[in-house]
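Hi there,

Here is the structure I promised to pass on. Have a look at it first, and my notes follow below.

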Amino acid sequence: MIQPKLVEGFGFTGSNATWDAVMGVLDESVAVEMETAISRETIGEDRIHASGRAEALNDFKLLLVQLRDQARQAQGL
């Protein structure tokens, strides 16, 4: 069960400029880390590190989306 505080924060309806901005920043950050990871100039542990950062950012984005879905379900939306 999602916490009431999270329902309030993530259960908005319609568009939300903050949500859109956060999702956009996460998308851009994942793209940058992926580009770094596959770049010819990136070698060894730097490649592994960039891949890990990309995965962590993507996992965080998925967590936020899941929280939003749970909040909307709790509101019956």
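Which residues of helix 3 are buried? They are Ala50, Ala54, Leu64, Leu67, Arg68 and Ala71, where buried means under 20% relative accessible area with a 1.4 Å probe, protein chains only.

Before going further, a word on the source: this is a predicted model, in which local features need pLDDT of at least 70, side-chain atom pairs count only at pLDDT 80 or more, and totals for chains, interfaces and linings use all residues. Residues are numbered from 1 along each chain as its sequence is written, and side-chain values use heavy atoms, with hydrogens and water left out.

The protein has three helices and zero strands (DSSP runs of H or I, at least four residues, for helices, and of E, at least two, for strands, numbered from the N terminus). Helix 3 covers residues 44–74, and its buried residues pack against helix 1 (4–10) and helix 2 (17–38). After helix 3 comes Gly76, with a positive phi near 80 degrees.

Arg68 is buried yet has no salt bridge (a side-chain nitrogen of Lys or Arg within 4 Å of a carboxyl oxygen of Asp or Glu). Asp69, the nearest side chain of opposite charge, is 6.2 Å away. The Arg68 side chain does reach the backbone oxygen of Phe12, at 2.9 Å. Leaving aside residues up to four places away in sequence, Arg68 touches Phe10, Gly11, Phe12, Gly14 and Trp19, with contact meaning heavy atoms within 4.5 Å.

Overall, buried residues make up 25% of the 77 residues.

Best wishes

Conventions: Buried means under 20% relative accessible area, exposed over 50%, partly exposed in between (1.4 Å probe, protein chains only). Lys and Arg count as positive and Asp and Glu as negative; His and the chain ends are not counted. A polar contact is a pair of N or O atoms within 3.5 Å; within protein, one must be able to donate a hydrogen and the other to accept it, and residues adjacent in sequence count only if both atoms are side-chain atoms.
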